[in-house]
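Please look over the chain and its fold shown here. A short report on selected features follows the display.

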Amino acid sequence: MKKNNNSIAILGAGITGLSVAYALQKKGIDVTIYEKGTRAGGVVQTRRDNDWLVEKGPNTLLVSDQRVWDLLDELQLNKDVLTPGEEAKKRYVIRDKQLHAVPLSLIDFIKTDLLSTTAKFRLFKEPFIAGNADDRESVAGFIRRRLGHEVLDYAVNPFVSGIYAGDPKQLSVKHTFSSLFTMEKEYGSIAKGLLKQKKSSRSAGRALISFKKGLHQLPQALANKLDDSLLLRCQVDQVKKTATGWIVKFKNGNSTIENRHHAIISTIPAHQLPKIWNDEKSQQSVDQLADIKYVPMSALALGFRRNQIHHALDGFGMLIPEKEPFSLLGCLFSSSLFVQRAPKDHVLITCFMGGARNPDIAAAPTELLIKEVLPQLDSLLKVSGPPVFHHHTFWEQAIPQYNVGYDHYLKSMKQVEKTNPGFFLAGNFRGGVSVPDCILNGLDTADKFVKYLDSSMKSSP
Ligand SMILES: Cc1cc2nc3c(=O)[nH]c(=O)nc-3n(C[C@H](O)[C@H](O)[C@H](O)COP(=O)(O)OP(=O)(O)OC[C@H]3O[C@@H](n4cnc5c(N)ncnc54)[C@H](O)[C@@H]3O)c2cc1C
């Protein structure tokens, strides 16, 4: 095993850790990445089972930032990028136990039954509602105030479930819908903000993607570039500051090893850091990070023969608002989204259960989940008979929640970094939960680190 006493330690080889490591390596900085698991990628995991291809964690990347496209280019992944067909632009939301396509044009919006006529007219009031931006407002409070309760119940509630598996009554609007929050703050209304944004927007290529062999191709390509800097099966048990740098104590098999490093970039989940932190000075701030709430979630992939399902599955999937009498959060029509996800004449549907809405059900055993989900799928999509394939993944702490009060945690993170020069914190609990957010977060952390290195070199005699 490579023992790299002078390099920069990166804790965790999820997509954040891999992105920081790759960016630093490109700048000629020596890195050592410690990962407790047997493979790189963190929650980005793909499983192939004969002709079924299942995503255990994330299913799609919504890429809009040029830096992410550039990264895919450098990793030579562009040739493997898959984009969904035209049909998959269609997204369904359930209202009154029926699927309704989310309107994509003004005509569709006027015609849709997803919102009542009163709710549609209510939207015209938005520009005239006084701005009242408040750091402590929830998503639910903000949307209800500006756009009305139906938009909250049948647009924002299911959308928030699809991204955060979160509760709009608890999520902070400032930290999860920051562009809407800023529009109100700067322009007094969302409508005015959207108009300004349209005028100034540059046309960045925006696309929803995956890869031919699944999303795991991305972390795998990064891991290949990092080569023997990446230490798998190495669980960090302790980080400790010394007068000259940091000591990382880690387990590899039966051995416990200590390495010295100039600096540390931690990308392990927020609740893991207090367990390994060994420095009294910042202990309190680090301990607070364990209180960032993570919600549990189960991803249940179900395969059927095509003729078992009556619905055309002509779309991205369906999202289910909390008001509707279903325990499912939503489903992706995985085999409609991307090619080669299911054998010929079969379809794959990925169902999500749990989240902040229904945390207990996430931990249910597979058979029970299937029993719970099938009647719901039947009611919505007309399904006959049991699935011919299934794969279940339970994530006990799936996604961090940027709830009201999150500013307090951000302050703690900044405090830890300020008190401990050479220690940096990144991960999906800071700067966004999506995979592209984590990549950008990783690249920005690498830049932050280089600035630190430059300034510490200037200040040393
Ligand atoms: C079910 C699910 C569906 C999702 N769907 C989408 C989606 O469709 N699109 C999207 O963009 N995003 C999606 N997300 C969110 C996104 O996938 C994650 O936020 C992101 O991948 C997190 O990356 P990370 O590197 O910050 O953390 P992680 O992936 O959690 O990586 C942290 C790493 O640290 C390691 N580690 C922990 N403790 C130690 C230790 N002591 N020593 C060494 N290593 C340690 C872990 O093993 C892990 O590999 C989804 C997430 C989940 C769970």
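**Domains**

The model is predicted. The domain assignment gives domain 1 (8-44 + 215-292 + 402-459), domain 2 (49-86 + 295-398) and domain 3 (99-200). The centres of domain 2 and domain 3, taken over C-alpha atoms, are separated by 26 Å. In the contact between them, 17 residues of domain 2 meet twelve residues of domain 3. On the domain 2 side, at least two residues each come from β15, β16 (317-319), β17 (328-332) and β18 (346-354). That side of domain 2 has eleven nonpolar, three polar and three charged residues.

**The ligand**

Around the ligand there are 37 residues. The closest are G12, G14, G42, P58 and S434. Some elements give two or more residues to this shell: α1 (15-26), β11 (235-241), β15 (294-305), β19 (389-400) and α17. By class, the shell divides into 20 nonpolar, 15 polar and two charged residues. Which domains each give at least three residues to the shell? They are domain 1 (8-44 + 215-292 + 402-459) and domain 2 (49-86 + 295-398).

**A pair of helices**

Two packed helices are described by the angle between their axes and the distance between the axes. Take α2 and α17 (residues 435-459). Their axes come within 10 Å and cross at roughly 90°. Therefore α2 is roughly perpendicular to α17. From α2, the residues R67, V68 and L71 take part in the contact. From α17, their partners are P436, I439, L440 and L443. By class, this contact has six nonpolar, no polar and one charged residues.

**Two loop residues**

N50 and Q76 each sit in a loop. For N50, the loop lies between β3 (46-49) and β4 (52-55). For Q76, the loop lies between α2 (66-74) and β6 (81-82). N50 is not a glycine, yet N50 has a positive phi of about 50°. Q76 is not a glycine either, and Q76 has a positive phi of about 55°. Are these residues buried or exposed? N50 is exposed, because 7 other C-beta atoms lie within 10 Å and a count of 12 or fewer means exposed. Q76 is exposed too, because Q76 has 9 other C-beta atoms within 10 Å.

I264 is found in strand β14 (residues 264-266). I264 is buried, because 22 other C-beta atoms lie within 10 Å and 20 or more counts as buried. What does I264 touch, leaving aside its neighbours within four places in sequence? Its contacts are A9, L11, V239, W246, G422 and F423.

A155 is found in helix α6 (residues 149-164). A155 has 19 other C-beta atoms within 10 Å, so A155 is partly exposed.

| Pair | Apart in sequence | Apart in space |
|---|---|---|
| I264 and A243 | 21 residues | 14 Å |
| A155 and Q288 | 133 residues | 33 Å |

**Looking back**

Strand β15 gives residues to the shell around the ligand. Strand β15 also supplies at least two residues of the domain 2 side that touches domain 3. Helix α17 gives two or more residues to the ligand shell, and α17 crosses α2 at roughly 90°.

Note on methods:
Residues are numbered from 1 along each chain as its sequence is written. This is a predicted model: local features need pLDDT of at least 70, side-chain atom pairs count only at pLDDT 80 or more; totals for chains, interfaces and linings use all residues. Helices (H or I, at least four residues) and strands (E, at least two) are DSSP runs, numbered from the N terminus. Axes are lines fitted to C-alpha atoms, for helices over the stretch in contact, and angles run from 0 to 180 degrees between N-to-C directions. Angles under 35 degrees count as roughly parallel, over 145 as roughly antiparallel, 65 to 115 as roughly perpendicular and the rest as oblique. Two residues are in contact if their C-beta atoms, placed from the backbone, lie within 7 Å. Ala, Val, Leu, Ile, Met, Phe, Trp, Tyr, Cys and Pro count as nonpolar, Asp, Glu, Lys and Arg as charged, and the others, Gly among them, as polar. A residue is near a molecule or strand if its C-beta atom, placed from the backbone, lies within 6 Å of it. Domain bounds come from an automatic or database domain assignment.
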